[in-house]
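Please look at the sequence and the structure as I go through a few selected places.

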Amino acid sequence: MYRISELAEKVGLSRSTLLYYEKLGLLHGARQANGYRLYSDKEVQRLHLLQQLQAGGLTLKECKSFLDSKVERAVLEKRLQQLDEDIAQKQQARDLLAALLGEGSLRFWHQQTDKLAPDAHLDWLKQQGFNEQQVLHLKWLSKDMNEHDQYMADFMTVFQTLERWGPGCDADSLKALSRLPTTPAKIIDIGCGKGFSTRLLASHTQANIVAVDNEQSTLDELRERLAEMGLDAHVTLSCASMTELPFAPESFDCIWSEAAAYIMGVEPALKKWRALLKDNGYMVLSDLVWLSDNPSAETIEFWKNEYPDMQTIETRLTQMCQAGFEVIQHFTLSDQAWHDYYQPLKARVAEAKTSMPSSKAIADLEQEIAIYERYLGEFGYQLFVLRKGS
Ligand SMILES: C[S@@+](CC[C@H](N)C(=O)[O-])C[C@H]1O[C@@H](n2cnc3c(N)ncnc32)[C@H](O)[C@@H]1O
(Lines give C-alpha, C1' and ligand atoms only; values in the text may rest on other atoms or scores of the structure.)
Protein backbone atom coordinates (compact mmCIF):
# COMPACT_ATOMS: atom_id res chain seq x y z
CA MET A 1 0.00 0.00 0.00
CA TYR A 2 1.18 3.53 -0.75
CA ARG A 3 0.71 6.85 0.92
CA ILE A 4 -0.27 9.68 -1.37
CA SER A 5 3.25 11.13 -1.62
CA GLU A 6 4.64 7.67 -2.49
CA LEU A 7 1.93 7.17 -5.08
CA ALA A 8 2.66 10.60 -6.58
CA GLU A 9 6.30 9.68 -7.02
CA LYS A 10 5.44 6.26 -8.46
CA VAL A 11 3.14 7.52 -11.19
CA GLY A 12 4.91 10.84 -11.85
CA LEU A 13 1.99 13.07 -10.89
CA SER A 14 1.77 15.77 -8.25
CA ARG A 15 0.07 15.26 -4.92
CA SER A 16 -2.49 17.94 -5.71
CA THR A 17 -3.36 16.22 -9.01
CA LEU A 18 -3.99 12.96 -7.16
CA LEU A 19 -6.19 14.75 -4.64
CA TYR A 20 -8.11 16.26 -7.50
CA TYR A 21 -8.55 12.81 -9.09
CA GLU A 22 -9.76 11.53 -5.76
CA LYS A 23 -12.32 14.33 -5.61
CA LEU A 24 -13.55 13.43 -9.12
CA GLY A 25 -13.88 9.79 -8.07
CA LEU A 26 -11.13 8.63 -10.39
CA LEU A 27 -9.01 7.37 -7.54
CA HIS A 28 -10.15 5.57 -4.40
CA GLY A 29 -7.89 5.63 -1.33
CA ALA A 30 -8.69 3.64 1.79
CA ARG A 31 -8.97 6.08 4.68
CA GLN A 32 -7.06 4.99 7.80
CA ALA A 33 -7.96 5.64 11.43
CA ASN A 34 -5.27 8.34 11.53
CA GLY A 35 -6.96 10.19 8.65
CA TYR A 36 -4.32 9.28 6.00
CA ARG A 37 -5.32 7.48 2.85
CA LEU A 38 -3.54 4.45 1.52
CA TYR A 39 -3.57 3.29 -2.10
CA SER A 40 -3.29 -0.24 -3.40
CA ASP A 41 -1.49 -1.55 -6.49
CA LYS A 42 -4.89 -1.72 -8.15
CA GLU A 43 -5.12 2.06 -7.88
CA VAL A 44 -1.62 2.39 -9.34
CA GLN A 45 -2.70 0.34 -12.32
CA ARG A 46 -5.91 2.33 -12.62
CA LEU A 47 -3.82 5.49 -12.76
CA HIS A 48 -1.60 4.03 -15.51
CA LEU A 49 -4.68 3.18 -17.52
CA LEU A 50 -6.06 6.66 -16.91
CA GLN A 51 -2.82 8.24 -18.16
CA GLN A 52 -3.00 6.18 -21.32
CA LEU A 53 -6.59 7.17 -21.94
CA GLN A 54 -5.70 10.82 -21.43
CA ALA A 55 -2.84 10.47 -23.90
CA GLY A 56 -5.44 9.09 -26.31
CA GLY A 57 -7.25 12.41 -26.04
CA LEU A 58 -10.06 11.53 -23.61
CA THR A 59 -11.18 14.12 -21.07
CA LEU A 60 -11.11 13.24 -17.38
CA LYS A 61 -14.88 12.84 -17.41
CA GLU A 62 -14.68 10.47 -20.37
CA CYS A 63 -11.83 8.59 -18.68
CA LYS A 64 -14.00 8.11 -15.61
CA SER A 65 -16.90 6.66 -17.50
CA PHE A 66 -14.50 4.52 -19.50
CA LEU A 67 -12.98 3.12 -16.29
CA ASP A 68 -16.24 2.72 -14.43
CA SER A 69 -18.60 1.39 -17.07
CA LYS A 70 -18.91 -0.07 -20.53
CA VAL A 71 -16.89 1.55 -23.30
CA GLU A 72 -18.92 4.05 -25.30
CA ARG A 73 -17.94 3.49 -28.93
CA ALA A 74 -19.26 6.85 -30.09
CA VAL A 75 -16.95 8.74 -27.74
CA LEU A 76 -13.94 6.74 -28.84
CA GLU A 77 -14.84 7.16 -32.51
CA LYS A 78 -15.09 10.92 -32.07
CA ARG A 79 -11.73 11.08 -30.31
CA LEU A 80 -10.16 8.89 -32.97
CA GLN A 81 -11.42 11.19 -35.68
CA GLN A 82 -10.06 14.19 -33.81
CA LEU A 83 -6.69 12.51 -33.43
CA ASP A 84 -6.59 11.70 -37.15
CA GLU A 85 -7.29 15.35 -37.93
CA ASP A 86 -4.55 16.49 -35.53
CA ILE A 87 -2.09 14.05 -37.08
CA ALA A 88 -2.96 15.23 -40.60
CA GLN A 89 -2.41 18.85 -39.52
CA LYS A 90 0.90 18.01 -37.88
CA GLN A 91 1.94 16.04 -40.96
CA GLN A 92 1.17 19.07 -43.12
CA ALA A 93 3.21 21.28 -40.82
CA ARG A 94 6.05 18.77 -41.00
CA ASP A 95 5.89 18.59 -44.81
CA LEU A 96 6.04 22.37 -45.04
CA LEU A 97 9.09 22.62 -42.77
CA ALA A 98 10.82 19.78 -44.63
CA ALA A 99 10.03 21.38 -47.99
CA LEU A 100 11.33 24.75 -46.82
CA LEU A 101 14.55 22.95 -45.97
CA GLY A 102 14.66 21.54 -49.47
CA GLU A 103 13.55 18.02 -48.57
CA GLY A 104 10.31 18.03 -50.51
CA SER A 105 8.18 19.94 -52.99
CA LEU A 106 6.73 23.34 -52.12
CA ARG A 107 4.70 23.55 -55.28
CA PHE A 108 1.33 22.83 -53.72
CA TRP A 109 2.03 25.23 -50.86
CA HIS A 110 2.98 27.99 -53.32
CA GLN A 111 -0.20 27.44 -55.29
CA GLN A 112 -2.41 27.54 -52.21
CA THR A 113 -0.67 30.53 -50.68
CA ASP A 114 -0.78 32.38 -53.94
CA LYS A 115 -4.55 32.01 -54.01
CA LEU A 116 -5.06 32.81 -50.35
CA ALA A 117 -2.57 35.64 -49.83
CA PRO A 118 -0.90 36.63 -53.14
CA ASP A 119 0.75 39.83 -51.89
CA ALA A 120 2.10 38.31 -48.70
CA HIS A 121 3.35 35.33 -50.72
CA LEU A 122 5.20 37.65 -53.11
CA ASP A 123 6.73 39.64 -50.24
CA TRP A 124 7.79 36.46 -48.50
CA LEU A 125 9.53 35.11 -51.61
CA LYS A 126 11.36 38.42 -51.95
CA GLN A 127 12.48 38.10 -48.32
CA GLN A 128 13.94 34.71 -49.22
CA GLY A 129 16.29 36.51 -51.58
CA PHE A 130 14.43 36.22 -54.88
CA ASN A 131 14.11 39.39 -56.91
CA GLU A 132 10.83 40.33 -58.58
CA GLN A 133 11.83 38.78 -61.89
CA GLN A 134 12.69 35.50 -60.20
CA VAL A 135 9.49 35.53 -58.17
CA LEU A 136 7.41 35.99 -61.29
CA HIS A 137 9.41 33.32 -63.06
CA LEU A 138 8.53 30.98 -60.21
CA LYS A 139 4.94 31.88 -60.79
CA TRP A 140 5.25 31.90 -64.55
CA LEU A 141 6.59 28.38 -64.58
CA SER A 142 4.61 27.28 -61.49
CA LYS A 143 7.77 25.74 -60.17
CA ASP A 144 9.36 24.92 -56.92
CA MET A 145 11.66 27.52 -55.41
CA ASN A 146 14.17 24.94 -54.20
CA GLU A 147 14.77 23.86 -57.78
CA HIS A 148 14.51 27.33 -59.17
CA ASP A 149 18.05 28.28 -60.20
CA GLN A 150 18.87 25.08 -62.07
CA TYR A 151 15.38 24.89 -63.51
CA MET A 152 15.53 28.44 -64.86
CA ALA A 153 19.00 27.90 -66.31
CA ASP A 154 17.86 24.77 -68.17
CA PHE A 155 14.65 26.44 -69.25
CA MET A 156 16.53 29.40 -70.68
CA THR A 157 18.99 27.08 -72.47
CA VAL A 158 16.01 25.61 -74.31
CA PHE A 159 14.20 28.86 -75.02
CA GLN A 160 17.10 31.19 -75.84
CA THR A 161 17.37 29.99 -79.42
CA LEU A 162 13.60 29.82 -80.01
CA GLU A 163 11.68 32.63 -81.62
CA ARG A 164 8.21 32.22 -80.18
CA TRP A 165 7.89 31.84 -76.45
CA GLY A 166 4.18 31.18 -76.48
CA PRO A 167 1.48 29.99 -78.89
CA GLY A 168 0.56 32.53 -81.56
CA CYS A 169 0.82 33.20 -85.28
CA ASP A 170 0.75 36.22 -87.54
CA ALA A 171 -2.65 35.36 -89.04
CA ASP A 172 -4.32 35.29 -85.60
CA SER A 173 -2.62 38.49 -84.44
CA LEU A 174 -3.70 40.23 -87.66
CA LYS A 175 -7.23 38.93 -87.18
CA ALA A 176 -7.32 40.53 -83.72
CA LEU A 177 -5.88 43.78 -85.10
CA SER A 178 -8.56 43.88 -87.80
CA ARG A 179 -11.26 43.66 -85.09
CA LEU A 180 -10.25 47.01 -83.55
CA PRO A 181 -12.88 49.57 -84.57
CA THR A 182 -10.22 52.32 -84.95
CA THR A 183 -6.50 52.16 -85.65
CA PRO A 184 -4.49 52.82 -82.49
CA ALA A 185 -1.78 55.47 -82.51
CA LYS A 186 0.05 54.42 -79.35
CA ILE A 187 0.42 50.75 -78.43
CA ILE A 188 2.17 48.98 -75.57
CA ASP A 189 3.12 45.33 -76.13
CA ILE A 190 3.52 43.76 -72.68
CA GLY A 191 5.66 40.62 -72.24
CA CYS A 192 6.71 41.00 -75.87
CA GLY A 193 9.44 38.33 -75.78
CA LYS A 194 11.34 38.45 -79.06
CA GLY A 195 8.59 40.61 -80.43
CA PHE A 196 6.61 38.72 -83.07
CA SER A 197 3.58 40.79 -82.23
CA THR A 198 5.64 43.98 -81.89
CA ARG A 199 7.08 43.58 -85.39
CA LEU A 200 3.71 42.71 -86.83
CA LEU A 201 2.07 45.74 -85.25
CA ALA A 202 4.94 47.97 -86.36
CA SER A 203 4.61 46.83 -89.96
CA HIS A 204 0.79 46.94 -90.10
CA THR A 205 0.06 50.21 -88.27
CA GLN A 206 1.49 53.70 -88.09
CA ALA A 207 1.44 53.51 -84.31
CA ASN A 208 4.20 54.38 -81.88
CA ILE A 209 4.86 51.17 -80.02
CA VAL A 210 6.44 50.53 -76.66
CA ALA A 211 7.60 46.92 -76.30
CA VAL A 212 8.07 45.76 -72.71
CA ASP A 213 9.71 42.66 -71.32
CA ASN A 214 11.76 42.06 -68.19
CA GLU A 215 14.24 39.83 -70.02
CA GLN A 216 16.86 42.14 -71.53
CA SER A 217 18.20 39.44 -73.90
CA THR A 218 14.86 39.22 -75.74
CA LEU A 219 14.76 42.99 -76.16
CA ASP A 220 18.30 42.98 -77.55
CA GLU A 221 17.27 40.49 -80.23
CA LEU A 222 14.14 42.46 -80.97
CA ARG A 223 16.21 45.63 -81.42
CA GLU A 224 18.32 43.89 -84.07
CA ARG A 225 15.29 42.53 -85.92
CA LEU A 226 13.58 45.91 -85.92
CA ALA A 227 16.70 47.56 -87.30
CA GLU A 228 16.96 44.92 -90.05
CA MET A 229 13.33 45.56 -90.97
CA GLY A 230 13.74 49.34 -90.84
CA LEU A 231 11.04 49.53 -88.17
CA ASP A 232 13.11 50.77 -85.25
CA ALA A 233 11.91 54.35 -85.47
CA HIS A 234 8.39 53.24 -84.52
CA VAL A 235 9.34 51.18 -81.51
CA THR A 236 10.72 51.99 -78.06
CA LEU A 237 12.02 49.10 -75.99
CA SER A 238 11.53 49.04 -72.26
CA CYS A 239 13.01 46.52 -69.85
CA ALA A 240 10.47 46.68 -67.04
CA SER A 241 8.15 44.51 -65.04
CA MET A 242 4.56 44.12 -66.13
CA THR A 243 3.57 44.57 -62.48
CA GLU A 244 5.14 48.04 -62.22
CA LEU A 245 4.98 49.60 -65.66
CA PRO A 246 6.79 52.96 -65.70
CA PHE A 247 4.18 54.91 -67.69
CA ALA A 248 1.69 57.61 -66.76
CA PRO A 249 -2.04 56.79 -66.62
CA GLU A 250 -3.87 57.01 -69.96
CA SER A 251 -0.62 56.84 -71.96
CA PHE A 252 -1.82 54.34 -74.58
CA ASP A 253 -4.81 53.70 -76.78
CA CYS A 254 -4.06 50.00 -77.09
CA ILE A 255 -2.53 47.38 -74.82
CA TRP A 256 -1.35 44.23 -76.55
CA SER A 257 -0.23 41.15 -74.64
CA GLU A 258 0.09 37.68 -76.11
CA ALA A 259 0.70 34.71 -73.82
CA ALA A 260 1.97 36.89 -71.00
CA ALA A 261 -0.83 38.27 -68.76
CA TYR A 262 -1.03 34.97 -66.86
CA ILE A 263 2.43 35.64 -65.45
CA MET A 264 1.03 38.18 -63.01
CA GLY A 265 -2.48 36.70 -63.25
CA VAL A 266 -5.12 37.74 -65.78
CA GLU A 267 -7.42 39.42 -63.26
CA PRO A 268 -4.67 41.53 -61.63
CA ALA A 269 -3.37 42.41 -65.12
CA LEU A 270 -6.81 43.58 -66.27
CA LYS A 271 -7.19 45.78 -63.21
CA LYS A 272 -3.67 47.20 -63.16
CA TRP A 273 -3.15 47.77 -66.88
CA ARG A 274 -6.57 49.37 -67.40
CA ALA A 275 -5.27 52.63 -65.88
CA LEU A 276 -2.71 52.92 -68.69
CA LEU A 277 -5.44 53.10 -71.31
CA LYS A 278 -7.11 56.23 -72.59
CA ASP A 279 -10.92 56.29 -72.55
CA ASN A 280 -12.30 53.78 -75.04
CA GLY A 281 -8.79 52.35 -75.46
CA TYR A 282 -8.39 48.71 -76.49
CA MET A 283 -6.83 45.72 -74.83
CA VAL A 284 -5.90 42.61 -76.80
CA LEU A 285 -4.74 39.68 -74.73
CA SER A 286 -4.48 35.96 -75.11
CA ASP A 287 -4.87 33.41 -72.37
CA LEU A 288 -4.95 29.64 -72.01
CA VAL A 289 -8.53 28.50 -71.30
CA TRP A 290 -10.60 25.37 -70.96
CA LEU A 291 -12.54 24.67 -74.15
CA SER A 292 -14.14 21.42 -73.02
CA ASP A 293 -16.71 21.04 -70.25
CA ASN A 294 -15.38 17.58 -69.74
CA PRO A 295 -11.60 17.49 -70.08
CA SER A 296 -9.68 14.28 -69.46
CA ALA A 297 -8.30 13.60 -65.99
CA GLU A 298 -4.73 13.75 -67.29
CA THR A 299 -5.18 17.23 -68.76
CA ILE A 300 -6.86 18.51 -65.60
CA GLU A 301 -4.02 17.17 -63.46
CA PHE A 302 -1.38 18.61 -65.77
CA TRP A 303 -2.79 22.14 -65.98
CA LYS A 304 -3.69 22.16 -62.28
CA ASN A 305 0.05 22.10 -61.70
CA GLU A 306 1.23 24.19 -64.63
CA TYR A 307 -1.46 26.87 -64.69
CA PRO A 308 -3.60 26.66 -61.57
CA ASP A 309 -5.57 29.79 -62.50
CA MET A 310 -6.72 28.40 -65.87
CA GLN A 311 -10.40 29.29 -66.42
CA THR A 312 -13.22 28.74 -68.88
CA ILE A 313 -13.88 31.40 -71.53
CA GLU A 314 -17.08 32.38 -69.70
CA THR A 315 -15.24 33.00 -66.45
CA ARG A 316 -12.65 35.16 -68.17
CA LEU A 317 -15.40 37.13 -69.97
CA THR A 318 -17.12 37.78 -66.64
CA GLN A 319 -13.84 38.92 -65.09
CA MET A 320 -13.21 41.23 -68.04
CA CYS A 321 -16.63 42.86 -67.66
CA GLN A 322 -16.14 43.15 -63.91
CA ALA A 323 -12.77 44.83 -64.48
CA GLY A 324 -14.47 47.51 -66.61
CA PHE A 325 -14.04 46.23 -70.14
CA GLU A 326 -16.50 45.63 -72.92
CA VAL A 327 -15.77 42.55 -75.03
CA ILE A 328 -15.56 43.45 -78.73
CA GLN A 329 -14.73 39.94 -79.85
CA HIS A 330 -12.89 36.83 -78.87
CA PHE A 331 -11.75 33.76 -80.75
CA THR A 332 -9.73 30.61 -80.24
CA LEU A 333 -6.21 30.63 -81.66
CA SER A 334 -5.84 28.43 -84.71
CA ASP A 335 -3.94 25.13 -84.81
CA GLN A 336 -1.30 27.03 -86.76
CA ALA A 337 -0.60 29.16 -83.66
CA TRP A 338 0.15 26.02 -81.64
CA HIS A 339 2.11 24.46 -84.43
CA ASP A 340 4.32 27.57 -84.78
CA TYR A 341 5.15 27.35 -81.08
CA TYR A 342 5.38 23.63 -80.39
CA GLN A 343 7.15 22.30 -83.48
CA PRO A 344 10.35 24.33 -82.97
CA LEU A 345 10.06 23.73 -79.20
CA LYS A 346 9.82 19.97 -79.68
CA ALA A 347 12.90 19.90 -81.91
CA ARG A 348 14.83 22.11 -79.53
CA VAL A 349 13.91 20.00 -76.46
CA ALA A 350 15.09 16.85 -78.24
CA GLU A 351 18.36 18.57 -79.12
CA ALA A 352 18.94 19.98 -75.62
CA LYS A 353 18.12 16.66 -73.98
CA THR A 354 21.31 15.12 -75.32
CA SER A 355 23.42 17.49 -73.21
CA MET A 356 21.12 17.54 -70.14
CA PRO A 357 19.30 14.19 -70.05
CA SER A 358 18.20 14.39 -66.40
CA SER A 359 16.95 17.99 -66.44
CA LYS A 360 13.61 18.52 -64.71
CA ALA A 361 12.85 21.43 -67.06
CA ILE A 362 13.33 19.16 -70.08
CA ALA A 363 11.11 16.47 -68.56
CA ASP A 364 8.39 19.05 -67.84
CA LEU A 365 8.56 20.46 -71.38
CA GLU A 366 8.34 16.96 -72.86
CA GLN A 367 5.26 16.33 -70.78
CA GLU A 368 3.72 19.62 -71.89
CA ILE A 369 4.35 18.77 -75.56
CA ALA A 370 2.77 15.32 -75.06
CA ILE A 371 -0.31 16.90 -73.46
CA TYR A 372 -0.60 19.35 -76.34
CA GLU A 373 -0.26 16.55 -78.93
CA ARG A 374 -2.83 14.36 -77.23
CA TYR A 375 -5.39 16.76 -75.85
CA LEU A 376 -5.36 20.09 -77.74
CA GLY A 377 -9.03 20.95 -78.19
CA GLU A 378 -9.85 20.29 -74.54
CA PHE A 379 -7.94 23.52 -73.92
CA GLY A 380 -6.78 26.31 -76.18
CA TYR A 381 -5.57 29.88 -76.30
CA GLN A 382 -8.28 32.48 -76.53
CA LEU A 383 -7.61 35.92 -77.98
CA PHE A 384 -9.78 38.58 -76.37
CA VAL A 385 -10.35 41.98 -77.98
CA LEU A 386 -11.64 44.42 -75.36
CA ARG A 387 -12.56 48.08 -75.05
CA LYS A 388 -12.11 50.09 -71.88
CA GLY A 389 -15.53 51.05 -70.61
CA SER A 390 -16.08 54.40 -68.99
C1 LIG B 1 5.32 33.05 -72.66
S2 LIG B 1 6.34 34.35 -73.09
C3 LIG B 1 5.46 35.15 -74.39
C4 LIG B 1 6.33 36.05 -75.18
C5 LIG B 1 5.70 36.65 -76.42
N6 LIG B 1 4.55 37.47 -76.15
C7 LIG B 1 5.38 35.55 -77.42
O8 LIG B 1 4.20 35.26 -77.59
O9 LIG B 1 6.34 35.00 -77.98
C10 LIG B 1 6.19 35.46 -71.73
C11 LIG B 1 7.11 36.65 -71.79
O12 LIG B 1 6.89 37.47 -70.64
C13 LIG B 1 8.15 37.89 -70.14
N14 LIG B 1 8.01 38.20 -68.73
C15 LIG B 1 8.02 37.34 -67.68
N16 LIG B 1 7.84 38.01 -66.55
C17 LIG B 1 7.71 39.31 -66.87
C18 LIG B 1 7.50 40.50 -66.13
N19 LIG B 1 7.40 40.48 -64.83
N20 LIG B 1 7.42 41.67 -66.77
C21 LIG B 1 7.54 41.72 -68.11
N22 LIG B 1 7.73 40.63 -68.87
C23 LIG B 1 7.82 39.45 -68.26
C24 LIG B 1 9.09 36.75 -70.43
O25 LIG B 1 10.43 37.20 -70.45
C26 LIG B 1 8.59 36.31 -71.78
O27 LIG B 1 9.23 37.02 -72.81
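Predicted model: local features only at pLDDT ≥ 70, side-chain atom pairs only at ≥ 80, totals over all residues.

Ala120 is partly exposed, with a relative accessible area of 48%; here buried means under 20% relative accessible area, exposed over 50%, and partly exposed in between, with a 1.4 Å probe and protein chains only. This residue, Ala120, belongs to helix 7, residues 118-127; helices are DSSP runs of H or I of at least four residues, strands are runs of E of at least two, and both are numbered from the N terminus. From Ala120 to Ser334 there are 214 residues in sequence and 38 Å in space, C-alpha to C-alpha.

Residues are numbered from 1 along each chain as its sequence is written, and side-chain values use heavy atoms, with hydrogens and water left out.

Let us turn to Ser238, in strand 6, residues 235-239. Is Ser238 buried or exposed? Ser238 counts as buried, at 12% relative accessibility. Neighbours within four places in sequence aside, Ser238 is in contact (heavy atoms within 4.5 Å) with residues including Val210, Asp213, Leu219 and Phe247.

Next, the aromatic rings. The structure holds 13 aromatic pairs; rings of Phe, Tyr and Trp (its six-membered ring) pair if their centres lie within 6.5 Å, and planes under 30 degrees apart count as stacked, over 60 as edge-to-face and the rest as tilted. Why is the pair of Tyr342 and Tyr372 stacked? The pair is stacked because the ring planes of Tyr342 and Tyr372 stand at 15°, with the centres 4.1 Å apart. Tyr342 lies in helix 16 (residues 335-353) and Tyr372 in helix 17 (residues 360-375), so that the pair links distant parts of the chain, 30 residues apart. Tyr342 is buried at 2% relative accessible area, and Tyr372 is likewise buried at 10%. Both belong to one aromatic cluster, with Trp303, Trp338 and Phe379 among its other members.

Two arginines also lie over rings. The charged end of Arg164 sits over the ring of Phe196, 3.9 Å from its centre; the criterion is NZ of Lys or CZ of Arg within 6 Å of the ring centre and within 35 degrees of the ring normal. Arg274 lies over the face of Phe325, at 5.9 Å from the ring centre.
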